[in-house]
Amino acid sequence: MPTLYHHPMSAASRFVRLILAEYGFQTELAEEQPWENRRDFLALNPAGTLPVYVDDSMRALCGASIISEYLDETHGVLKRDRRLLAEDPFQRAEIRRLTEWFLQKMEQDVTRPLVRERIFKLQMTSDQGGGPPDSKILRNSRANIRQHMKYLSWLAGSRTYLAGDRLSYADLAAAACLSVLDYMGEINWADAPQAKDWYQRLKSRPSFRPLLAERVRGVTPVSHYADLDF
């Protein structure tokens with residue numbers, strides 16, 4: 001069975017897990033602590049980043065964008081109306097643009113620094129960079145959330161799904177990021193009702209259930225995290 005090396009609070013890992021679940025793939029999950037720089041993991045991915053997908057032939061695919069493109073080319077093209085990338089080239093470009101927005105720009109501005117400060121540093125030794133969170137990083141990241149939520153609300157309010165009329169990689173990428181932030185209670189949903197309505201639809205999908213059932217050692221999610229009608 002294929003194996004996905006992941007971390008529960010990695011948005012990129014969650015994105016790939018959602019794709020695999022939407023397509024009905026059974027995959028073994030191997031939780032990886034990326035700050036440990038394990039020799040065996042670095043042998044799979046010298047960059048030391050998550051996620052890493054190892055297929056049945058022990059071939060490693062590294063990075064969410066690489067894995068998602070591989071899954072589309074090998075399986076998505078056979079899914080017809082359930083394909084998560086569009087047939088139309090322009091529509092595919094829009095899906096890729098938004099997927100990159102959430103997995104790269106929002107990840108850089110918001111998700112990665114908050115996860116590192118609030119979760120990873122609790123599990124890291126002092127030699128690995130662990131310790132108390134940096135208040136300046138928290139403040140800057142939280143300020144950035146507002147702009148990203150405004151953009152997400154505009155997308156959700158003007159389209160059926162974020163990139164058009166059908167569920168796509170763009171929705172899964174955004175939902176993966178938001179699920180991590182929501183776990184930590186970092187989103188004020190009252191200020192983003194259109195984004196909230198969209199996210200409720202996404203988190204109600206069967207593919208989301210494993211994410212909502214997951215817990216991270218030492219960090220309890222907000223009370224509404226697993227609530228489908230929050």
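I took axes as lines fitted to C-alpha atoms, for helices over the stretch in contact, with angles running from 0 to 180 degrees between N-to-C directions. The model is predicted: local features need pLDDT of at least 70, side-chain atom pairs count only at pLDDT 80 or more, and totals for chains, interfaces and linings use all residues. Residues are numbered from 1 along each chain as its sequence is written, and side-chain values use heavy atoms, with hydrogens and water left out.

Entry: helix pair. I looked up helix 6 (residues 169-183) and helix 7 (residues 193-203); they pack at an angle of about 100°, with their axes 10 Å apart. Helices (H or I, at least four residues) and strands (E, at least two) are DSSP runs, numbered from the N terminus. Helix 6 and helix 7 are therefore roughly perpendicular to each other (65 to 115 degrees). In their contact (heavy atoms within 4.5 Å) I noted Leu 172 and Leu 178 of helix 6 and Trp 198 and Tyr 199 of helix 7, among others.

Entry: I found 4 strands in an open sheet, order 2-1-3-4, with mixed pairing; two strands pair if DSSP finds at least two bridges between them. Strand 2 (28-31) and strand 4 (60-62) are the edge strands, each pairing on one side only. Strand 3 (residues 52-54) pairs with strand 4 in the antiparallel sense over 3 bridges; Tyr 53 has Leu 61 of strand 4 as its bridge partner.

Entry: helices on the sheet. Helix 1 (residues 11-22) packs on the sheet and touches strand 1 (3-6), strand 2 and strand 3. Helix 3 (residues 64-74) also packs there, touching strand 1, strand 3 and strand 4.

Conventions: Angles under 35 degrees count as roughly parallel, over 145 as roughly antiparallel, 65 to 115 as roughly perpendicular and the rest as oblique.
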